[in-house]
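User: I am new to this structure and would like to learn how to read its features one at a time. Could you take me through them, giving the general idea before each case?

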Amino acid sequence: MRRFAFPYPLLLLAIWTGVLLAGDYIVLDTSVRQFRSRSFAATVGEITRSEMGHGAVSRRGIDIGYSYTVNGADYPGHRYRYDDRNGAFDYKAVTNAWPRGAKKIVYYDASNPAESLLDPGLKGCDLLLGIFAIPLNIATAAIWLAAFRASRESGRLKVAGGVRVFQDDRETRARLAQCSPLAAGFFGIAAAAFASAMLVVLAAGFAPGMGLMTAVLIAIAAAGAAAFFWTAQRHAAGHFDLRSHAASQTVAVPPAGGRKEVLLVPKGEIVAVALRRRVTRAPSGEYFSYVPALDRAVPGAEAQSLDLINWGWNEWKARAFAGWLSDQLGVPLKSMEDEPAMAPASSRR
């Protein structure tokens, strides 16, 4: 659950998504056209106009014109590339390389000779734009998916709040993983794309070579595959499972709340299942999440509270799971408690 300072968060998300999709379309459309232009036929034409373009606040893009002849018919052209206003280009260098009056090769579509350009094929900057868009698209899709799931599942009665439960004669396992292997793969791609884009810009600027960008794309795909298989292996090994062993009367608590390893706790030391509301304050409002935990009483030591997950769930899921767990362990379910409010990460630095 979230309480926003702005009353229509989904409207903001929809506006942002529309802008992002428009940008995606432009990048994809121009990239496909540039790739297709590799097969264009060639002829010699004459540059009739070559100067810097004009933007709203500065000189931007390339204003170029040329004429060429195909099968005895004369055609005018005005396109340097399909993405003439790509900010990665050195516009001045282009106008110097294609000066007015120069004879230059013109590439045209043999099936439609009026379709032409001066610089065919993809460049590293085309791939760089696509890499910049990857983390934005994955993050936006994840937010929409979370919002859809919350609206679709909220209030539904599910055993253990929808947490996957595996049960046999020896033990009961509840899988508390908060990221599936597929999601981990996409997040790995997003993180690798963001880091790679920053490093490429620092090392080679906004016009890197195709060889470098091909290697970067392979590295991004490898990072996503590694994240997928690593998470899948940890799922299969039960690293994220809360295990209740019948024979040993112990509970294996998965890593969470700062713990790095699985913690084996005697059932006799578990005195209650707790449910805490976590409040995070941000400029956009307050974010509420809910964390199930086990209260542990160790003889001769301070009482402990063991968080079962790192990131909180929505309220209905957390309540349903906590109730199920208290029944499974035969301990009481405590009333809701509030954790101290957490400030935004930027203000805690």
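This is a predicted model: local features need pLDDT of at least 70, side-chain atom pairs count only at pLDDT 80 or more; totals for chains, interfaces and linings use all residues.

User: Let us begin with the strands. Which strands does strand 2 pair with, and how many bridges join strand 2 to strand 3?

Analyst: As a general idea, the side chains of a regular strand alternate between the two faces of the sheet. In this structure, strand 2 covers residues 41-52 and runs antiparallel to strand 5, residues 103-109, with six bridges joining the two.

User: Which residues stand opposite A42 and G45?

Analyst: On the side of strand 5, the residue opposite A42 is Y107, while on the side of strand 3 the residue opposite G45 is Y68.

User: Next, the salt bridges. How many salt bridges are there by this rule?

Analyst: A nitrogen of a Lys or Arg side chain has to come within 4 Å of a carboxyl oxygen of Asp or Glu, and by that rule the count is 21 salt bridges. One of them joins the side chains of E171 and R173, at 3.5 Å from N to O, and E171 is buried because its relative accessible area is 11%, with the limit for buried set at under 20%.

User: Which residues are linked in a network of salt bridges?

Analyst: The network of salt bridges links R81, D83, D119, K123 and D126.

User: How should I read helix 6, and which residues in helix 6 are buried?

Analyst: An α-helix has 3.6 residues a turn, so residues three or four places apart point the same way. Helix 6 has 15 residues, 315-329, and at 1.5 Å a residue it should span 21 Å, which agrees with the 21 Å between its end C-alpha atoms. Among the buried residues of helix 6 are W316, F321, W324 and L325. Just after helix 6, G330 has a positive phi of about 70°.

User: Finally, how many aromatic pairs does a search of the whole structure find?

Analyst: A pair of aromatic rings is described by the distance of the centres and the angle of the planes. The search of the whole structure finds seven such pairs. In the pair of Y66 and Y68, the centres are 6.1 Å apart and the planes stand at 35°, so the pair is tilted. Both of these residues, Y66 and Y68, are buried. Y80 and W98, by contrast, form an edge-to-face pair, with 5.2 Å from centre to centre and 70° between the planes, and both Y80 and W98 are buried. Ring pairs also link Y66, Y68, Y75 and Y108 into a cluster.

User: Which residues lie over the faces of W98 and W313?

Analyst: K104 lies over the face of W98, at 5.9 Å from the ring centre, and K317 lies over that of W313, at 4.7 Å.

How values were computed. Residues are numbered from 1 along each chain as its sequence is written. Side-chain values use heavy atoms; hydrogens and water are left out. Two strands pair if DSSP finds at least two bridges between them. Helices (H or I, at least four residues) and strands (E, at least two) are DSSP runs, numbered from the N terminus. Buried means under 20% relative accessible area, exposed over 50%, partly exposed in between (1.4 Å probe, protein chains only). The expected span of a helix is 1.5 Å times one less than its number of residues. Rings of Phe, Tyr and Trp (its six-membered ring) pair if their centres lie within 6.5 Å; planes under 30 degrees apart count as stacked, over 60 as edge-to-face and the rest as tilted. A charge sits over a ring if NZ of Lys or CZ of Arg is within 6 Å of the ring centre and within 35 degrees of the ring normal.
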